[in-house]
Amino acid sequence: MDYKQKVATAISVAVDGSLNEKDIFYKIEVPKALNLGDYAFPAFALAKYLHKAPQIIATELVEKIDKKGFEKVEAVGPYINFFLDKKDYSNNILNEVLNEQDNFGSQDLGKSNNVPIDMSSPNIAKPMSMGHLRSTVIGNAIANLLAKTNYVPVKINHLGDWGTQFGKLMCAYKMWGSEEEVKKDPIATLLKYYVRFHEEDVDKPELDDDAREWFKRLEDGDKEATQLWKWFRSESLKEFIQIYDELGIKFDSYNGEAFYNDKMDEIVELLEQKNLLKESNGAQIVDLSKYDLNPALIKRSDGATLYITRDLAAALYRKRTYNFTQSLYVVGNEQTNHFKQLKAVLKEMGYDWSDDIHHIPFGLITSGGKKLSTRAGRVILLQDVLNDAISLASKQIDEKNPSLANKKQVAHDVGVGAVVFHDLKNERLNNFDFDLEEVVRFEGETGPYVQYAHARAMSILRKAGVSELGTASYELDDNQAWETLRLLGDFPNTIERAVVEYEPSVIAKYAIHLAKAFNKYYAHSKILKADKQKAARIALVASVAVVLKEALRLLGVAAPDEM
Ligand code: ARG
């Protein structure tokens, strides 16, 4: 039921075509305070046509408007405020949510089109950073939102699994490595070798020659080098997958940089054919001055191709494989320039679909106000963050609900959910500070707070002894319920906004808002009191549970029934 449309129609009939219905629709506002009604129309929009003061237009129009289906329609200054009929509204929305369950809010914006999402994409043999975590959870939430709106998301982990650093790693491994040690703790051990290489090559420049030799062997397909590379990759990947499992996130593809090795020649040839390559100090570049960008470095003087060359190959491969209508890259905003260059080169190559490539940047996570970086020793290991969050959640559950069944699973869902939710509730471009205690709190605007509201709704339903609510008349006209009802009705539009803006925080903020409204409602109403509206109140509680759970699911956060 589109109530905004209903308001537009009522006004349009009353103004007798002075302004068409569509224009009216777009001018309708949602007042900030509930006492100003549910929708408001600014009468100055009509002053031009009716040649009267807006206040007068408002007063006169209120007389003419057909008020059927509205609780009241009133003029306040230059505004006409519409109050929806609460019984009619609640009956419609509650039946809709309870019928559709977790399908509520689904809509067909995507027409089944494929949308590749480049996300997570950590580098092999290095610990996954908080930046990669952001990419992972933002990408996953966007994928869920796309699926909800009938796109077909393709989650691609563009692993950093190629480059000269593998030469160094092999060289280091051959000198100081042990298979057993790597197997026990792969990424930490490989990182240790890598760091040692850099310490020692200060005095022994011949190490660099060795490393270059190893990388050359790898590029030439040498058996030992390839085997080592494969092994480093799979051991690292195992560790990454542990974290993904913990987060409940799956990928459709792990085609990383190395996957494009045999697809690079074509890119260079295409660029040559199109006369786009220029020589500069022995290197091959594409001039992008007309885009106000630095030249894109395609091939180094020693013949090695670069990060952007691989991304060109990847973009083309994705277009051919998925025939996308949009292709997304969830990567930190420090790479903004790289993606501008990528799009510009594709445009120069004559690919109009370069306009469908979107970099989805995000801000930095700091700790104590400082940037997290490997060099300054402020690396936060993700696995540690998740483990700490889980034990904090577990402590709180022990205090609040010591007899809870399934404690371990719930602590996991709450701890991990808290970290994910905290990341997503911040507008993605904002930087934010990470303070674990704050993240896992059960009060305030946190994931556990929303999960708790959901669990509370479930507990009311258990108390009420209802399992399934069928279609019925759910007319609820108490003022306490109104904010919650309106929010339920806003869910579909909220999803649309989140997906159009690639902004999961829209959903996180909505979930907080709904949880707050529901908690207020719960505090002020006797939900289970036996009276005429009891069934409708229970239907409201059940609908809140459905929508909170679905909002959390879209964010990639679990909603335990009890906590
Ligand atoms: N591995 C890169 C990094 O850690 C991110 C890759 C992003 N994806 C891409 N197609 N460039 O910085």
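**Figure 1. Aromatic pair between Phe-44 and Tyr-79.** A search of the whole structure, which is a predicted model, finds 22 aromatic pairs. In the pair shown here, the ring centres of Phe-44 and Tyr-79 are 5.8 Å apart and the ring planes stand at 80°, so the pair is edge-to-face. Phe-44 belongs to helix 3 (residues 44–50) and Tyr-79 to strand 3 (residues 79–84), so that distant parts of the chain, 35 residues apart, are linked by this pair. Phe-44 has a relative accessible area of 44% and is partly exposed. Tyr-79 also counts as partly exposed, at 25% relative accessibility.

**Figure 2. Aromatic pair between Trp-162 and Trp-229.** The two rings of Trp-162 and Trp-229 form an edge-to-face pair, with 5.4 Å from centre to centre and 75° between the planes. Trp-162 sits in the loop between strand 5 (152–156) and helix 7 (165–176), while Trp-229 is in helix 11 (residues 223–247), so the pair ties together parts that are 67 residues apart in sequence. Trp-162 is buried, with a relative accessible area of 11%. Trp-229 counts as buried at 12% relative accessibility. The cut-off for buried is under 20% relative accessible area.

**Figure 3. An aromatic cluster of Tyr-173, Tyr-193, Trp-231 and Phe-232.** These residues, Tyr-173, Tyr-193, Trp-231 and Phe-232, form one aromatic cluster.

Figure 4. Strand 9 (residues 327–330) and strand 10 run parallel and are joined by 4 bridges. Val-330 has Ile-360 as its bridge partner in strand 10.

**Figure 5. The hairpin of strand 6 and strand 7.** Strand 6 (residues 277–280) and strand 7 (residues 283–286) run antiparallel and are joined by 4 bridges. Leu-277 has Val-286 as its bridge partner in strand 7. The hairpin has 2 residues between the strands, and Asn-281 takes a positive phi near 50°.

**Figure 6. Contact between helix 16 and helix 18.** Two packed helices are described by the angle between their axes and the distance between the axes. The axes of helix 16 (residues 407–425) and helix 18 (residues 447–464) come within 8 Å and cross at roughly 125°. That angle makes helix 16 oblique to helix 18. On helix 16, the contact is made by Asp-413, Val-414, Gly-417, Ala-418 and Phe-421. On helix 18, Gly-447, Pro-448, Val-450 and Gln-451 take part. By class, the contact of helix 16 with helix 18 has 5 nonpolar, 3 polar and 1 charged residues.

Key. Residues are numbered from 1 along each chain as its sequence is written. This is a predicted model: local features need pLDDT of at least 70, side-chain atom pairs count only at pLDDT 80 or more; totals for chains, interfaces and linings use all residues. Side-chain values use heavy atoms; hydrogens and water are left out. Axes are lines fitted to C-alpha atoms, for helices over the stretch in contact, and angles run from 0 to 180 degrees between N-to-C directions. Angles under 35 degrees count as roughly parallel, over 145 as roughly antiparallel, 65 to 115 as roughly perpendicular and the rest as oblique. Contact means heavy atoms within 4.5 Å. Ala, Val, Leu, Ile, Met, Phe, Trp, Tyr, Cys and Pro count as nonpolar, Asp, Glu, Lys and Arg as charged, and the others, Gly among them, as polar. Two strands pair if DSSP finds at least two bridges between them. Rings of Phe, Tyr and Trp (its six-membered ring) pair if their centres lie within 6.5 Å; planes under 30 degrees apart count as stacked, over 60 as edge-to-face and the rest as tilted. Buried means under 20% relative accessible area, exposed over 50%, partly exposed in between (1.4 Å probe, protein chains only).
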